[in-house]
Amino acid sequence: MLPPISPHDLATLIEEAAVAAHRLHRKLVLPAADLDDLRQDLLVDLICRLPGFDARRGSIGAFANIVLRNQSSRIAVRHHRQRRIQGGAVLSLDAPISGGTEPLGCMLAEADGLAAWHGQDRSAVDDAETRHDLARALGDLPDDMRGLCAALGTCAVPEIVSRTGISRSALYRHIARLRLDLAMRGFGAGWDGSKAA
């Protein structure tokens, strides 16, 4: 059962929830549309925890501050976990496109396909064609370059250096030569940053 709450105390709870929502919204770099949802989530959780409030132990503002801080931490952990699952990107049609201010949902048409609605700029067909072209290009490379490609696909540079005994500078020279070979086969800077890389 909820303890009796004065209008002043209720105003304090609403204000504290709004401040906490703004702080969390800013820290998580969320789209503007998520601010109201955050404020409501924090306020609902705060109201649900009011039976634990004891006026003898402190003010309602202090109680709200502790509850909101703990709930904000739980929301942030959940948000970061979801971002990790999504590869670090925010999958929201309300989120602005990188470098822009307009939300993704305003920039897309139905004809753009499902991949675009999920924030991907490449379709499955484009990825399949890239993999096919890459396999053909890799088949044309000398054996040592193919081995380097395979190693770079599964290991970090320090691991390759320790496994092969090659110096780091020599490895980077081989990588530069590999990039040049691939660029001559049509895989330039645009390919280098794609998922197929």
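1. The structure holds 7 salt bridges. A salt bridge here is a side-chain nitrogen of Lys or Arg within 4 Å of a carboxyl oxygen of Asp or Glu. The model is predicted: local features need pLDDT of at least 70, side-chain atom pairs count only at pLDDT 80 or more, and totals for chains, interfaces and linings use all residues. Residues are numbered from 1 along each chain as its sequence is written, and side-chain values use heavy atoms, with hydrogens and water left out.

2. The chain has 10 helices and 0 strands. Helices (H or I, at least four residues) and strands (E, at least two) are DSSP runs, numbered from the N terminus. Of the 197 residues, 28% count as buried. Buried means under 20% relative accessible area, exposed over 50%, and partly exposed in between (1.4 Å probe, protein chains only).

3. One of the salt bridges joins the side chains of D36 and R39, at 2.3 Å from N to O. Both residues sit in helix α2 (residues 34–48), 3 residues apart, so about one helical turn separates them. D36 is partly exposed at 43% relative accessibility, and R39 is partly exposed at 23%.

4. In helix α7 (residues 143–154), R146 and D143 are also 3 residues apart, or about one helical turn. Their side chains form a salt bridge of 2.2 Å, N to O. D143 counts as exposed because its relative accessibility is 59%, while R146, at 32%, counts as partly exposed.

5. Which residue meets D144 in a salt bridge? The partner is R177, at 3.5 Å from N to O. D144 lies in helix α7 and R177 in helix α9 (residues 168–184), so the pair ties together parts that are 33 residues apart in sequence. D144 has a relative accessible area of 47% and is partly exposed; R177, with 37%, is partly exposed.

6. R23, R26, K27 and R69 gather in a patch of positive charge on the surface. Such patches are made of residues with over 30% relative accessible area and no salt bridge, with like charges joined within 9 Å. Lys and Arg count as positive, and the charge is placed at NZ of Lys or CZ of Arg. Helix α1 (residues 7–28) gives the most to the patch, with 3 residues. K27 lies in this helix, α1, and counts as exposed at 61% relative accessibility.

7. C48 is exposed at 58% relative accessibility, whereas C149 is buried at 18%.

Conventions
Patch = residues over 30% accessible without salt bridge, like charges linked within 9 Å, V, L, I, M, F, W, Y side chains within 5 Å. Areas by Shrake-Rupley, 256 points an atom, 1.4 Å probe, with all protein chains shown as cover.
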